[in-house]
Amino acid sequence: MKIKAVVETGIYVDDLQGAETFYRTVLGLPVIVKEPGRAVFFQVGESSVLLAFLAETTLKGDHLPSHGATGPGHFALGIEAEELDAWRKLLQDHGVTIEKEVEWPRGGKSLYFRDPAGNSVELVTPGVWGLPSGW
């Protein structure tokens, strides 16, 4: 037996509409589920889901175990290497500040920026980890 993938990544936000607007409009992620007052879920690529939760709601627990976090989280989204400049421009055109750009020893590159809730979002090109999948 072995784990095959990270299927869901959860982040915590303080404004669901702000999160939806940012991830749908700026990053182009399709919304696949909305739970008013609780969460909005986005499709990422063909096999992953980004879950944006209101921590104050999910900490209460209901049909699922309680969960939540305080403070900014971090996650990375994979992009094609040849699209890095276009992503940089798109972010800048939307007024998103790029906090840092990194060229990694194994060959990948990263752009770091914040979402409206302060989470650290990273766009990474293949080669960052040297994984068999290319990442």
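Student: How many residues sit between β6 and β7 in their hairpin?
Tutor: There are 5 residues between the two strands. This is a predicted model. In the turn, Gly-107 has a positive phi of about 120°.

Student: Parallel or antiparallel for β6 and β7?
Tutor: Antiparallel, over 5 bridges. β6 covers residues 98–103 and β7 covers residues 109–114.

Student: What stands opposite Glu-103 in β7?
Tutor: Lys-109 does.

Student: Next hairpin. Which residue takes a positive phi between β7 and β8?
Tutor: Gly-118, with a phi near 95°. That hairpin has 5 residues between its strands. β7 and β8 run antiparallel, joined by 5 bridges.

Student: And in what sense does β5 pair with β8?
Tutor: Parallel, over 5 bridges.

Student: Which residue of β8 is the bridge partner of Tyr-112?
Tutor: Glu-122. Ala-76 also stands opposite Glu-122.

Student: How many residues of β8 are buried?
Tutor: 5 of its 5 residues. Both faces are covered. Ser-120, Glu-122 and Val-124 are buried on one side, and Val-121 and Leu-123 on the other.

Student: Switching to helices. Which residues of α3 are buried?
Tutor: Leu-84, Trp-87, Arg-88 and Leu-91, in a helix that spans residues 84–93.

Student: Why do they end up on the same side of α3?
Tutor: They cover an arc of only 100° around the axis, so they fall on the same side of α3. An α-helix has 3.6 residues a turn, so residues three or four places apart point the same way.

Student: What do the buried residues of α3 pack against?
Tutor: They pack against α1 (16–26), β6, β7 and β8.

Student: Which residues are exposed on the other side of α3?
Tutor: Asp-85, Ala-86 and Asp-93. Just after the helix, Gly-95 takes a positive phi of about 75°.

Student: Which elements give two or more residues to the lining?
Tutor: β4 (48–54), β5 (74–78) and β8. The largest share, 4 residues, comes from β5.

Student: How does the lining split by class?
Tutor: 16 nonpolar, 6 polar and 1 charged.

Student: Back to Trp-135. Where does Trp-135 lie?
Tutor: In the segment after β8.

Student: Buried, exposed or partly exposed?
Tutor: Trp-135 has a relative accessible area of 32%. Buried means under 20% and exposed means over 50%, so a value in between counts as partly exposed.

Student: What is Trp-135 in contact with, leaving aside neighbours within four places in sequence?
Tutor: Its contacts include Gly-78, Ile-79, Val-124, Pro-126 and Trp-129.

Student: What about Trp-129, buried or exposed?
Tutor: Exposed, with a relative accessible area of 59%. Trp-129 also lies in the segment after β8.

Student: Which residues does Trp-129 touch, not counting those up to four places away in sequence?
Tutor: Arg-106 and Trp-135.

Student: And what separates the C-alpha atoms of Trp-135 and Arg-106?
Tutor: 10.0 Å, with the two residues 29 apart along the chain. The C-alpha atoms of Trp-129 and Tyr-12 are separated by 26 Å, and those two residues are 117 apart along the chain.

Terms used: Residues numbered from 1 in each chain as written. Predicted model: local features only at pLDDT ≥ 70, side-chain atom pairs only at ≥ 80, totals over all residues. Heavy atoms only, no water. Pairing = 2+ DSSP bridges. Buried < 20%, exposed > 50% of the residue type's maximum accessible area, 1.4 Å probe, protein only. Contact = heavy atoms within 4.5 Å. Nonpolar A, V, L, I, M, F, W, Y, C, P; charged D, E, K, R; others polar. Arc of directions from axis to C-beta.
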